[in-house]
Amino acid sequence: MNYSIALTSATNDILKQHLLRKDQQEDLCYALWRPGQGANRLTALVSDPILPLEGERYVHGNASTTSSYLSRVTTLAMAKGAGVVFLHSHPWPGWQDMSRDDRRTELRQAPSVKAATDMPLVGMTIGTDGAWSGRFWVKTSPKTYERHWCESVRIVGEHGLEVTFHDKLLPPPAFREELKRTISAWGEIAQQKLARLKFGIVGVGSVGSIVAESLARMGIEHIKLIDYDRVKLHNLDRLLHTTVKDARAKSLKVDVIARALKKSATAEKPVIERHPLAVTEEDGFRQALDCDILFSCVDRPWPRYVLNYIAYAYLIPVIDGGILIRMHRGRLRHASWKSHAVYPGKRCLACIGQYDPDFVNVERQGQLDDPTYIENLPLDHMLRRNENVFPFSTHLASSLVLHALHVAINPVGFADVGEQVYHFVDGTLDSNRGMKCDDNCFFPPGCREG
């Protein structure tokens with residue numbers, strides 16, 4: 001099992017303001033965490049900072065907590081069904097190791113936290129530059145707790161996706177001649193961050209296959225393909241890397257695309273995972289939770305609903321889009337495609353209009369797989385609109401990748417370029433920024449705040 005930590009930028013701001021003191025002394029506090037259990041990674045979703053009351057901690061160059069402070073925190077954690085996070089600051093930058101006193105302090109607290117919450121104590125340390133390190137204290141036998149370092153700590157919100165990596169667990173990639181031009185475009189630091197992020201693509205069809213190819217050629221080290229569908233003859237005019245042979249063999253899309261990515265990948269040791277699963281089922285859902293950024297390349301309401309939920313409940317940015325084509329008397333009348341990123345602080349997919357919540361239940365009941373139900377819908381209904389051509393897919397895929405780049409590397413301070421709509425007929429691009437969810441949105445305001 002791998003470990004990670006994620007928090008919103010709103011939570012991060014509260015913790016930074018308390019822990020990074022103007023007098024440069026170390027300080028401490030607590031917070032709560034809830035599990036984001038993926039197939040191979042457990043993420044501590046940190047929230048609810050619990051700052052000390054008078055007399056609950058002492059600052060003396062270093063900082064020390066008290067039993068009354070820990071007792072108050074564990075009581076709150078038990079009431080909310082959450083775990084406990086112990087946080088403190090260090091007077092230097094970067095990923096932080098632990099001193100002997102640090103280890104002793106956290107080891108003393110681990111047994112009582114485990115007994116009260118039945119969850120491991122999570123420890124976090126912040127450096128002067130705002131970089132976090134993190135670890136889980138896992139009970140391995142009676143009275144024995146082992147420290148498991150997190151491979152990354154992720155902050156999601158105002159500045160997109162900020163990440164501090166544990167360089168020993170996820171080492172920065174060395175320079176490769178194959179990526180010389182890519183690195184010259186955005187620099188070595190950005191490339192080292194991008195390469196180490198785990199990207200998931202849900203739906204490896206006409207758009208998802210092109211997104212996957214782009215990521216592989218950018219030097220991304222870990223790509224996860226999630227799609228249960230198989231290649232059909234009517235896919236061949238839009239689905240990258242597929243052949244008539246694949247269609248006749250009814251090959252899994254993830255197998256065909258993964259095979260191609262292994263040939264075109266520019267990372268030294270690329271990991272291309274294939275998962276013939278649906279994100280609406282538990283196994284596919286857990287695979288998605290292992291990712292740092294997800295691409296939503298689906299066109300049905302139920303998987304979009306699930307990905308929307310993941311973006312806000314599990315703090316994983318989701319890059320989504322879709323194509324709409326309208327014909328009139330056998331001729332193209334209208335074509336446009338949307339692209340956007342959703343995560344805390346941004347408008348969700350339902351409020352953008354990417355799926356109708358009413359049709360989520362319709363799909364869950366299996367009616368969207370009933371040809372009679374689909375045939376009875378109006379001809380221009382969104383669930384019947386599945387026209388597409390390869391050039392439109394390439395344009396949308398490029399837009400999605402660009403959104404992901406903004407979220408990941410925040411070029412010149414622009415992590416959010418808004419909700420974009422490109423109109424093919426007149427060649428115009430609309431962009432809406434700063435849009436908020438509707439007042440009656442399913443997600444409470446606290447989940448939507450970055």
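**A buried aspartate and its surroundings**

Asp 320 counts as buried because its relative accessibility is 0%, and buried here requires a value under 20%. The model is a predicted one. Asp 320 belongs to strand E16, which covers residues 318–328. Its side chain makes a polar contact with the side chain of Ser 296 at 2.7 Å. A polar contact at 2.8 Å joins the side chain of Asp 320 to the side chain of His 340. Leaving aside neighbours within four places in sequence, the residues in contact with Asp 320 are Ser 296, Arg 304, Lys 338, Ser 339, His 340, Leu 349, Gln 354 and Leu 400.

E16 pairs in the parallel sense with strand E15 (residues 293–296), over three bridges. Within this part of the model, Leu 294 stands opposite Val 318 of E16.

The loop between H10 and E16 contains Leu 315. Phi of Leu 315 is near 60°, a positive value in a residue other than glycine. Leu 315 counts as buried because its relative accessibility is 7%.

One of the contacts of Asp 320 is Leu 400, and Leu 400 is among the buried residues of H14. Helix H14 spans residues 390–409 and has 20 residues. From its first C-alpha to its last, H14 reaches 28 Å, close to the 28 Å expected at 1.5 Å a residue. After H14 comes Asn 410, with a positive phi near 50°. Phe 392 also belongs to an aromatic cluster, together with Trp 337, Tyr 422 and Phe 424.

Thr 8 has Val 156 in E10 as its bridge partner.

Gln 24 sits in the loop between helix H1 (9–19) and E2. Gln 24 is not a glycine, yet its phi is positive, about 65°. Is Gln 24 buried or exposed? Gln 24 counts as exposed because its relative accessibility is 67%.

Aromatic pairs are the last topic. The structure holds 14 of them. Tyr 30 and Tyr 69 form an edge-to-face pair, with 4.6 Å centre to centre and 85° between the planes. Tyr 30 lies in strand E2 (residues 28–37) and Tyr 69 in helix H2 (residues 67–80), so this pair ties together parts that are 39 residues apart in sequence. Tyr 30 and Tyr 69 are both buried.

Another edge-to-face pair is formed by Tyr 305 and Tyr 355, at 6.2 Å centre to centre and 90° between the planes. This pair links distant parts of the chain, 50 residues apart: Tyr 305 is in helix H10 (residues 301–313), and Tyr 355 is in the loop between helix H11 (349–352) and helix H12 (357–364). Tyr 305 counts as partly exposed because its relative accessibility is 25%. Tyr 355, by contrast, is buried, with a relative accessible area of 6%.

Note on methods:
Residues numbered from 1 in each chain as written. Predicted model: local features only at pLDDT ≥ 70, side-chain atom pairs only at ≥ 80, totals over all residues. Heavy atoms only, no water. Helix = DSSP H or I, 4+ residues; strand = E, 2+ residues; numbered from the N terminus. Buried < 20%, exposed > 50% of the residue type's maximum accessible area, 1.4 Å probe, protein only. Polar contact = N/O pair within 3.5 Å; in protein donor to acceptor, adjacent residues only side chain to side chain. Contact = heavy atoms within 4.5 Å. Phe/Tyr/Trp six-rings, centres within 6.5 Å; stacked < 30°, edge-to-face > 60°. Expected span 1.5 Å × (residues − 1). Pairing = 2+ DSSP bridges.
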